[in-house]
Amino acid sequence: MRLGGTISGCTFTGNTAAIGGAISMYDPAETVSYTANYSSNTVSGNSATRAGGGFYFDTKKGSVNMTSNTVQSNKNTGSIGGGGAYIASGTTAKITGGSFSGNTSTLGGGVCNWGTTTLSGVTFTNNWSYVKKKYKLNMPF
């Protein structure tokens, strides 16, 4: 998604990218203020090679609202992080309801958060973060 909008009731399965296996919201110019809304989507079985197996959010002036999404079995194999979602520094996100389950990454199995994120009523189950490939940490984010 480029610079705001709404995605609702969709399914994203089996996609692969360097950043944001299913969805990437990236504003390299950091000049536009906008809001992106994601609600009641299923994001499952996607992968990224750098960051954000399911979602990748990197915006300094925009904001992200996620409501009642199912984010499951996504993976990130890169060192930046975020099996289910990656939220970059300077990004403002609000995650309400929904679930993150069975996501894996080198850092932040469910969510790798460097931004300003508010969570409310979100369920985290069996997300895994791998550190140096020989340690497993069950981390909710």
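Buried means under 20% relative accessible area, exposed over 50% and partly exposed in between, with a 1.4 Å probe and protein chains only. The views below come from a predicted model, in which local features need pLDDT of at least 70 and side-chain atom pairs count only at pLDDT 80 or more, while totals for chains, interfaces and linings use all residues. Residues are numbered from 1 along each chain as its sequence is written, and side-chain values use heavy atoms, with hydrogens and water left out.

**View 1. The open sheet of four strands.** Helices (H or I, at least four residues) and strands (E, at least two) are DSSP runs numbered from the N terminus, and two strands pair if DSSP finds at least two bridges between them. In the order S4-S8-S12-S16, four strands make up an open sheet whose pairing is parallel. Strand S4 (23-26) and strand S16 (111-113) each have a single partner strand, so one side of each is left without a neighbour in the sheet, and these two stand at the edges. From one strand to the next the twist averages 5°, where axes are lines fitted to C-alpha atoms, for helices over the stretch in contact, and angles run from 0 to 180 degrees between N-to-C directions.

**View 2. Strand S4 beside strand S8.** Four bridges join S4 to strand S8 (residues 55-58) in the parallel sense. Along this pairing, Ser 24 stands opposite Tyr 56 in S8, and the bridge partner of Tyr 26 in S8 is Asp 58. The covered face of S4 carries Ile 23 and Met 25, whereas Ser 24 and Tyr 26 belong to its uncovered face.

**View 3. Aromatic rings around Tyr 56.** Rings of Phe, Tyr and Trp (its six-membered ring) pair if their centres lie within 6.5 Å, and planes under 30 degrees apart count as stacked, over 60 as edge-to-face and the rest as tilted. By this rule the count comes to six aromatic pairs. One of them is formed by Tyr 26 and Tyr 56, which are edge-to-face at 6.4 Å centre to centre, with 65° between the planes. This pair links distant parts of the chain, since Tyr 26 lies in strand S4 and Tyr 56 in strand S8, 30 residues apart. Tyr 26 is partly exposed, with a relative accessible area of 39%, whereas Tyr 56 counts as buried at 9% relative accessibility. Phe 55 and Phe 57 form a stacked pair, 5.4 Å centre to centre and with 25° between the planes, and both of these residues are buried. Ring pairs also link Tyr 26, Tyr 56 and Tyr 86 into a cluster. Leaving aside neighbours within four places in sequence, Tyr 56 has contacts (heavy atoms within 4.5 Å) with residues including Ile 19, Gly 20, Ala 51 and Tyr 86.

**View 4. The salt bridge of Lys 60 and Asp 58.** A salt bridge is a side-chain nitrogen of Lys or Arg within 4 Å of a carboxyl oxygen of Asp or Glu, and a search of the whole structure finds one. Lys 60 forms it with Asp 58, and their closest N and O atoms are 3.0 Å apart. Asp 58 is buried, with a relative accessible area of 12%, while Lys 60 counts as partly exposed at 34% relative accessibility.

**View 5. Strands S5, S9 and S13.** Strand S5 (residues 35-39) runs parallel to strand S9 (residues 63-67), and five bridges join the two. Within this pairing, Ala 36 stands opposite Val 64 in S9. S9 also pairs in the parallel sense with strand S13 (residues 92-96), again over five bridges, and in S13 the bridge partner of Thr 67 is Thr 96.

**View 6. The nonpolar cores.** A nonpolar core is a set of buried Ala, Val, Leu, Ile, Met, Phe, Trp, Tyr and Cys residues joined through side-chain atoms within 4.5 Å. The largest has 21 residues, and those with the most contacts inside it are Tyr 38, Phe 55, Phe 57, Met 66 and Phe 100. The elements giving two or more residues to this core are S4, S5, S8, S9, strand S12 (85-87) and S13. Apart from this core lies another, of five residues, among them Ala 51, Tyr 56, Ala 88 and Cys 112.
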